[in-house]
Amino acid sequence: MKIMQIQVNGKERDVPAGTSVATLLRELGLDGRMLVVELNRRIVRPPEIESVQLEAGDRVELVHFVGGG
Amino acid sequence: MAPLEIAGRTFASRLIVGTGKYPSPEIMLDAIRASGADMVTVAVRRVDIENPDRDDILRTLSPDEFSLLPNTAACYSAEEAIRAARLGRAAGMSDWVKLEVIGDPDTLLPHTEELIEATRVLVAEGFVVLPYTNDDLITALRLEEAGAAAVMPLASPIGSGLGLLNPLNIRIIKSRLSVPVIVDAGVGTASDACATMEQGVDGILMNTAIAAAEDPVEMAGAMRLAVEAGRRAYVAGRMPRREWAVPSSPLEGVPPPA
């Protein structure tokens, strides 16, 4: 299996080549949570999560709501 | 008390509260309920991947009970703030945003040029934009022109608790804008909230004054009463100020001294 490196929330991570956003979320145990996925500064909408494939060097941000003023 | 109306939506409470810096999620929820606020601000931040429940505000606050108003706190340019607003919209399925573009880390005063620019862009994208700004009329007017749904001048710097430093500027802004004016930041205690509402503004947004009180739930209740008291006093119209005393009791009919 070919491995590629991506960044998730600023940390490097190795994932199998061809991993989709949905697979990454399942790997991280975050599937089904209320969060927003941003891939290379573009928001990935929920309907695209299964289909969008990650590439080596991709920068993924996973964000949610926290307390703030 | 007439409800607060922003962008065609009505809110029973004129108090909007933040959700940061509470001692615990339970105290936060009790305090927000005690404040009577319908709308609460939230921030958008990275999920802690090792511990995703940590800091997840939706574990405590139900969007069915409160309207969530995402902020763009900690953004220092229009570009960063626009990105944060889009993330907030995607997270919350609402077009409302409390827009903050900070110009300086020590005072957290707004970067007004970037703020006006970000307002323009976000309004064009269909956002309902509520910008946090300074107590400056010209900036407030330009934000209104740019399409802000309400303008939110500060009472004093964020988290300072110094109260309403320039009531004159707040009154001037209120008198010249057509959109609602919500004073955001600086209130320290209930008397500040009351005095702010007495200027005639439409509402107050506060966080630290409640969250950092020794008893946040009790302070939240006090703020609810203070906002209502200040609003009602404003609507009632205060008596004129006079330099000299005017007796309250009749001068006639006083029994003469023996």
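Let's start with one pairing: B:Thr133 has B:Pro153 as its bridge partner in S8(B). Strands here, like helices, are DSSP runs numbered from the N terminus (E, at least two residues, for strands; H or I, at least four, for helices). Keep in mind that this is a predicted model, where local features need pLDDT of at least 70, side-chain atom pairs count only at pLDDT 80 or more, and totals for chains, interfaces and linings use all residues. Residues are numbered from 1 along each chain as its sequence is written, while chains are lettered from A and ligands numbered from 1 in the order in which they are written.

**The sheet in chain B**
- S8(B) runs parallel to strand S7 (residues 128-133) of chain B, and two bridges join them; strands pair if DSSP finds at least two bridges between them.
- The open sheet has three strands, ordered S6-S7-S8 (chain B), with parallel pairing.
- Its edges are strand S6 (96-99) and strand S8 (152-153) of chain B, each of which pairs on one side only.

**Where chain A meets chain B**
- Chain A puts 20 residues in contact with 30 residues of chain B, counting C-beta atoms, placed from the backbone, that lie within 7 Å.
- On chain A's side, strand S3 (36-39) and strand S5 (59-67) each supply at least two residues.
- S5(A) gives the most, with seven residues.

**Strand pairing across the chains**
- S5(A) runs antiparallel to strand S4 (residues 39-46) of chain B, joined by five bridges.
- Within S4(B), B:Val44 stands opposite A:Phe65.

Conventions: Contact = placed C-beta atoms within 7 Å.
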